[in-house]
There are 2 protein chains.
Amino acid sequence: MCTTEDKIINASIVLFSQKGYTAVTTMEIAKEAGVSQMTLFRHFESKHNLFERSLDKFVFSPKFKALFESLEWDLERDLNKICASYQDVLYKNRKIILMHLKNEELNPHFEAVLYKFPNEFKKLLSRYFEEMRNRGAIIENPETLAVNFLTTSFGLFFTSLVMNKLTFDTDIQTCISNYIKIFTKGISLL
Amino acid sequence: MCTTEDKIINASIVLFSQKGYTAVTTMEIAKEAGVSQMTLFRHFESKHNLFERSLDKFVFSPKFKALFESLEWDLERDLNKICASYQDVLYKNRKIILMHLKNEELNPHFEAVLYKFPNEFKKLLSRYFEEMRNRGAIIENPETLAVNFLTTSFGLFFTSLVMNKLTFDTDIQTCISNYIKIFTKGISLL
DNA sequence: TCATCATGTTAGTTCTTGCTAACATCATCT
DNA sequence: AGATGATGTTAGCAAGAACTAACATGATGA
């Protein structure tokens, strides 16, 4: 948190993701950012412009390359790494994701950006499973496995993010490692 | 679609779930319902009242009893049934769920209603897994398994609901049955 | 010291929207 | 036919929110 613009953008992300675009006023954002409303309008000409610039600014990309290189062709260990990396991106982008969910109709062009990651992860994972199949470690269809794995990861993430009132006492980390254990066993040849 | 009130409530659910409470105007709802704005206010005194009555009206409960009685202690078959039932409730309540997601701050009391189902499902599933463990079919912790299973089911549901722009060509039904196959194998004693 | 620049303050304009009042229309029931 | 009740129409009020203009303040740097 540094420049005035950053303060405003941070505040807007927090509020937009909490309440949605229309429900938030520029006055609220200014107050949250600790500046005057006038300053907000001087930096971003309009509320909508602020919204768009907030979206543009805060998108974190996964470190695909590092992830790729760290794989060791041990199913459970690799899946743990991949999942951790995916959870990491999702978590870092959680506010943006919520913001997007609550304001879908306002930024159709933004979907492409947001959905780039799952799609890239899917490609990566498919290739990984395919190679594992070639090595004789598994038999199932690589693409199906990839979609399954990513969807589950997303389910775990989203559940822990939004449904915090559920009386699920198991925490997400435990859930994830359990899931991977089961998944690994479920797809391995014995 | 029958009485005037129903028409209005239906329209409000559609719009609230699409755009969120604040972004929808009473005029829009009236138009969508095919009535005049005045009629809307005559039936529901305020926009917020309409919102609350919409929430109250459209909550579908799962048929727990029928589900319970249909179980046959065959892991894969039972899980398919349980998952199908869960997906069914989720799907029937999809608009309400979206509506809730986009308007969290407006109806805190409603969370309890929405989260009743996952919690009941979890109890049911935990008991089921416990019994299966007693029968020697599995060894893992029943509660953990239940949470895993439900979270995944929710992930599959939500992905297919919201992320329809993902280039995941595998459809949800295939995903679900694949997942259950893997899950069953993953937790079974061999 | 003085000019510059970012910010705050205040007042105000305009548009939207929730909501009401008053009257008109029209179908139904007695 | 006439009363009743549900709905439509039109006009309008009150509040809020986006956004602007004009001026004040206060820090920074030449």
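This is a predicted model: local features need pLDDT of at least 70, side-chain atom pairs count only at pLDDT 80 or more; totals for chains, interfaces and linings use all residues.
Q: Which domains does the assignment give for chain A, and how far apart are their centres?
A: The C-alpha atoms of chain A fill a box of roughly 65 × 35 × 30 Å along the principal axes. The domain assignment gives domain 1 (4-57) and domain 2 (64-187). Taken over C-alpha atoms, the centres of these two domains of chain A are separated by 31 Å.

Q: Which three residues supply 49% of the area that domain 1 of chain A buries against domain 2 of chain A?
A: Start with the contact itself: 13 residues of domain 1 of chain A touch 10 residues of domain 2 of chain A. Together the two domains bury about 1100 Å², with 72% of it on carbon and sulfur atoms. On the domain 1 side, three residues supply more of that area than any other three, and they are A:Ser17, A:Phe51 and A:Leu55.

Q: How many salt bridges are there between domain 1 of chain A and domain 2 of chain A?
A: Over all chains, the count comes to 20 salt bridges. Between domain 1 and domain 2 of chain A, though, the count is zero.

Q: Which helix gives the most to the lining of the second largest pocket?
A: Three helices of chain A each supply at least two lining residues: α1 (4-19), α2 (26-33) and α7 (94-102). The top contributor, with five residues, is α1(A).

Q: How do the residues lining the second largest pocket divide into nonpolar, polar and charged?
A: Sorted by type, they come out as eight nonpolar, one polar and five charged.

Q: Which residues of chain B lose the most area to chain A?
A: The contact takes 44 residues from chain B and 44 residues from chain A. The two chains bury about 4300 Å² between them, and 63% of it is on carbon and sulfur atoms. On the chain B side, three residues together account for 15% of what is buried: B:Tyr115, B:Phe168 and B:Ile182.

Q: What is the distance between the closest N and O atoms in the salt bridge of B:Lys102 with A:Glu104?
A: Side chains of opposite charge can pair when their charged atoms come close. Between chain B and chain A the count is two salt bridges, one of them joining A:Lys102 to B:Glu104 with the closest N and O atoms 3.0 Å apart. B:Lys102 pairs with A:Glu104, and here the closest N and O atoms are separated by 2.9 Å.

Methods. Residues are numbered from 1 along each chain as its sequence is written. Chains are lettered from A and ligands numbered from 1 in the order in which they are written. Side-chain values use heavy atoms; hydrogens and water are left out. Helices (H or I, at least four residues) and strands (E, at least two) are DSSP runs, numbered from the N terminus. Ala, Val, Leu, Ile, Met, Phe, Trp, Tyr, Cys and Pro count as nonpolar, Asp, Glu, Lys and Arg as charged, and the others, Gly among them, as polar. Contact means heavy atoms within 4.5 Å. Buried area is the accessible area (1.4 Å probe) that two parts lose on being put together, summed over both. A salt bridge is a side-chain nitrogen of Lys or Arg within 4 Å of a carboxyl oxygen of Asp or Glu. Domain bounds come from an automatic or database domain assignment.
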